[in-house]
Amino acid sequence: MALDYKKLGMKCGVEIHQQLATRHKLFCKCSAAMQDKEPVFEIRRKLRAVAGEMGDVDAAAAYEMLKNKVFRYKVYLNETCAVELDEEPPHPVNREALDIALQIALMLNCEIPEEIEVMRKTVIDGSNTSGFQRTALVGLNGWVDTGFGRVGITNVCLEEDAAQILDKKKKSVTYGLNRLGIPLVEIGTAPEIHEPEQAKEVAEKIGMILRSTGKVRRGIGTIRQDLNISIAGGARAEIKGVQKLSLIPRIVELEAKRQLELVKKGRKVTRDVRKALPDGRTSFLRPMPGSARMYPETDIPPIQITEEKIKQIRKNLPELLTEKLEKIMKSYNLNEEIAGQIVSSGKTELFERLAGISEPKTIANVLTRYSKEYKIPDKKLEEMFRAIGKKQVPKETLEKMLDALSKNRPVQDVVKIAGDMLSEEDVKRIVKDVIKKNPDVMKAGRPEKALMGLVMKEVGGRAPGSLVMKIIMKELKTSFS
Amino acid sequence: MYSKKIQALLKKKKIRIGDRVLVKKIGKETEGILMPQTDAGDPETLVIKLDSGYNIGIKFRNAGIEKSGTRQSKAGKEEAEYEMGKTRKEILKLKFDAKKPAISMVSVGGTIASRIDYRTGGVHALEDPREFLHNTPELADIVNIKRFVSPFTKMSEDMEPDDWIKTAKHVAKELNSGMKGVIVTHGTDTLHYTSAALGFFLRNLTKPVVLVGAQRSSDRGSSDAGMNLICAAHAVVSDIAEVGICMHGRMDDDYCLFIRGTHARKMDTQRRDAFRPINEYPLAKIWPDGRIKIKNRDYRKRDDKGRVELDAKFEKKIAMLKVYPGADPDIISYYISKGYRGFVIEATGLGHVPTQARKSWTEVIKRHSKDIPFVMTPQTIYGRINPSVYTNLRILYRESGAIPGGDMLSETAYVKLGWVLGHTKDMEKIREMMLTNYAGEITQRTLVGTFLY
C-alpha cells in the first residue's frame, strides 16, 4: 500500500557534490585532470585534535582516535604540489572555478553574497592534509521548481574535493592526493521535498542544470548525491552515496517506512548516517556527527563580488539542456532519443557546427554511437565531415571510413574511400540512362522496384540506397507529370 | 576592522561583535552572529556568521542592523567566542605533573604560541602553559612546565638585537633558578639568529636551551606545533647541554632534528622541515615517543652544576652585505659615514669579492681594515672560506686584512661580530676572537655527508 507522505510529515532534502571541469585545482596550479597513473612518493602524517576545533565532537574522543592513526599520502607528479601537502599556503582562488560556481548559483536562482568568505571546515578523517576543507558559500536562498511545487536551495558552496581513499588498515589510511583540491560545488536543498518522486525530480533537475553549463566533470566519481530524510516522530537520516537517480524514490520510500516501523514499535529513531545500497535499501554507517567547526581561512582574503560581475555572468548564462534538446529536435528534425543523446553527450556545439555541412542524422549517429565504438577524437571527425561535405555516404562506406580513421589513417586518405562515391548528379545521370535504355520498365506495376534493381547494379555500392531511391522517385514523378 | 562609521553605529546601537543580529537590506534579511572583519576584508562590509557556520559579507551601504530577538544556540555562541580568541574554561582546569622534570618556557611569540585573533585580524598570544597542554596533552608525560615567562611577544621579522639580549636574560634567570632546561617559543623567520645569539650570550651552559617554532598555525589538525613541542620537551630533559633548534626533520610527522643554534638556517619559506643543519650534522634526531639518536658527538654534556653566565655585550652598529656582479663598494663608505664599525660580507665562491674589477671591493676593504673588521662568509651557504688558493684571495686576506669566516653561516657571523665588538675594539683581539670557536660555530672538519642534509 502506498504511503501517505503528507500524513507522515515526510521531509527530504537533496545534497549534490559535483566536480567542476577546470584545468587547475581550486587553490593551486596543479592539474585537475586525474591523469597521473603512478604516485612518485609517499609521506606519512598524523593529525591532532586541536582545542576548540571539534565542534560537538568530544575532543578527548577525537584525541584518542587520532593518537595512533597514521595517514599515508600518495604524491602524484603533475597533480600534487606543496599546497596539497599542506606545506604551502593556498594560492588565490581559481577564478574559472569561482565563475562556474557563481553561474550555477544564478541558474539555481540564488542570491550571491557581496563578499565571499572562504572558510575552514574541520575534517579529521585525514581526507585533507590540512585537517580542514576549504569551502565558501557562493549562493543562498535559491529555488528549483518541480511538478510538485517549489523547493528551496539553501546553499551553493564552492569547495575543494577531498583526497581519495586508496587503502584502509586498522592503524593507517592511505590517500591519493591527486583528487585533493579539485574544485567542487556542493548544492543543498531545503527539507521541502515531500514526495519520493519529487526527490528524484529535484536531483534530476539540478543535475541537468549542472550539465547545462558544460563545465562540470563527467564520469564515475565526479558527482555524488546524498539524501536527508525524516518523518514526524522520526529523525534525520543522511543517506550517502546514491548511485542512480532512478533509485531515489525507492530509497526515500524505504527510509520513510523504516522510520515508521520504529515509530510504530515505540522505539527511538536515532540520527544516523546511512549508506545507500544498490537495491535501494540502506545500511547503518555511523551516528550523525555534530556540525563541524567552521572558521575563516585567513590565508585567502575575502572575495568581493561586484554587481557588474553578477550582471556579466547573468548575461552569459548557458541555455538549459532541456531547451537545447527542444531546439535541436525542431531545427534538425530529429527524434527525442537521438537529440537527447547529442545533448547529454555534451557535443551539441560540435553537432550544430557539422549539421550545417553534412547530413544531420548521419552526424548525430556518428557523434553518439560510432564515436564511442571507434574512439575517434572529435577534432578528426570534424575534419572528416568537412572534407566529405554534402556528399551522402552509405552506411557500409561510412563504417569503413570510421574504421580507417580509428586506425590513425590520415584524413585525406580516409576521405578517398568516400571519394569513390557517386555524387547526386552522377546518380541522376545513371537513373536517367537506365530509364532511357529500359523503356519497358516504366510500364510495370511498380516501376521504382525494377528500376532500383537495375540502377543499383550500375551504382555498385557507390551511393546509398536511400539516395538512389529518392532520385528514382523524383525522376518517375517528372516523367509521369 | 570595521570602518569608523560602522563602529560608531554599532556603539550607538549597543551591538557588540559576537551578538546575534539581523541585517536588513532591500527586501533581504540576514540573521546571524556579527563577526569581526579581518584586515584583509573590506572595512565597509559586515561579516555575518550564518547558522550553517558559513560567514558571508554584506556591504553596509543601504543596510540596517539591529540586535536579533532570537536566541543564539550555545554551541554557536561558543564557536564564535573561540573564533574571537577566548580561552575556554575547561582549559584552565588542566594540570602538569609535579613529578616530571621542572622546566621553564620563555615565550617571545611566533605561530607556535599564538592563535589568530579576529578582533584585530592579528594574532593572539597564548598566555598560559595550560593552553599548550590542551593542544598537546603529551607534554604532561614528559615535563612539568613550572614557569611560563613572556617578556614580550614579537613577530620574528621584528626582532632586534635588544630582544635577543632580553630573551637571553630571562633564559639565564630561569636556568639559574634550578630548572632542568628552558624551551623558548619563537617565530621562525629569524629563529636562527636568536639561537646563534643565545649560543654566544649564555656562557658555562650546563643544561639544554631548546628553541622551537611552527610553520603551520596550531588551529589546524595538521599543525607541526604539537610534534615540535613534544620533541622539544624530550630535548630539554636530554643530556645535550646546548642551545639548539628543534623542529620537523622531514615533511613526514616522523622525527624532529635538534640542530645546534649556530649551525641552523631556515632554508624554505614554508615547509615544516625548513630548518636544516648547515656544514655539520644535527646534534640529534628526536622522535615524539622519546627516542633520541645522537648524530653528532661534539656537544657539551649536561651536568646541571654551576651557574650559567650571561655575557650579552653587543655592538649594534654592524652590517651584513652581499657582493654580486656589479656590486658597488661605495656602499661601505656610506655605512662607515653613518658610524658602522664592522661588516660581514657574503662573498662568492671560496670567499671572493671583486678585486681586480673596475670597482674593487678589496681596495676599499684594504683602506679601512686597520680600524674596521670585515668578516667574509660564504654566500654559497655550504662550504668554507679559503684565504689562499687563488691570487685574488691572497690579495684580499693577506694584503688587505679581510677576516676569513671559515664555515660560519653569515647570520651566525653577523651575531658573533656584534658580540665580539661588544667586548673589544682591538683589531688583533677581534680577529683572534672571530677565529675562535665559542659556541660550536666553526667546525674543524668538513664532513661531506652534511651537504643538503
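**View 1. Contacts of B:Val171 in the predicted model.**

**View 2. The largest nonpolar core, with 98 residues.** B:Val171 is among the residues with the most contacts inside this core, as are B:Val182, B:Ile183 and B:Leu202. B:Ala232, B:Cys246 and B:Phe258 belong to that group too. Helix H6 of chain B, residues 225-236, gives the most to the core, contributing nine residues. At least three residues come from each of two domains of chain B, domain 2 (89-310) and domain 3 (318-434).

**View 3. Another core, of 78 residues, apart from the largest one.** Among the residues of this core are A:Phe27 and A:Ala97. A:Val216 and A:Ala276 are also included.

**View 4. A:Lys477 in helix H16 of chain A.** The helix spans residues 465-480. A:Lys477 counts as exposed because it has 9 C-beta neighbours inside 10 Å, and the cut-off for exposed is 12 or fewer. Between A:Lys477 and A:Leu20 the C-alpha to C-alpha distance is 56 Å, with a sequence separation of 457 residues.

**View 5. Domains of chain A.** The domain assignment gives domain 1 (5-296), domain 2 (321-419) and domain 3 (424-480). The centres of domain 1 and domain 3 of chain A, taken over C-alpha atoms, are separated by 64 Å.

Technical notes: Residues are numbered from 1 along each chain as its sequence is written. Chains are lettered from A and ligands numbered from 1 in the order in which they are written. This is a predicted model: local features need pLDDT of at least 70, side-chain atom pairs count only at pLDDT 80 or more; totals for chains, interfaces and linings use all residues. A nonpolar core is a set of buried Ala, Val, Leu, Ile, Met, Phe, Trp, Tyr and Cys residues joined through C-beta atoms within 7 Å. A residue is buried if 20 or more other C-beta atoms lie within 10 Å of its own, exposed if 12 or fewer, and partly exposed in between; C-beta atoms are placed from the backbone. Helices (H or I, at least four residues) and strands (E, at least two) are DSSP runs, numbered from the N terminus. Domain bounds come from an automatic or database domain assignment. Two residues are in contact if their C-beta atoms, placed from the backbone, lie within 7 Å. Lists of a residue's contacts leave out its neighbours within four places in sequence.
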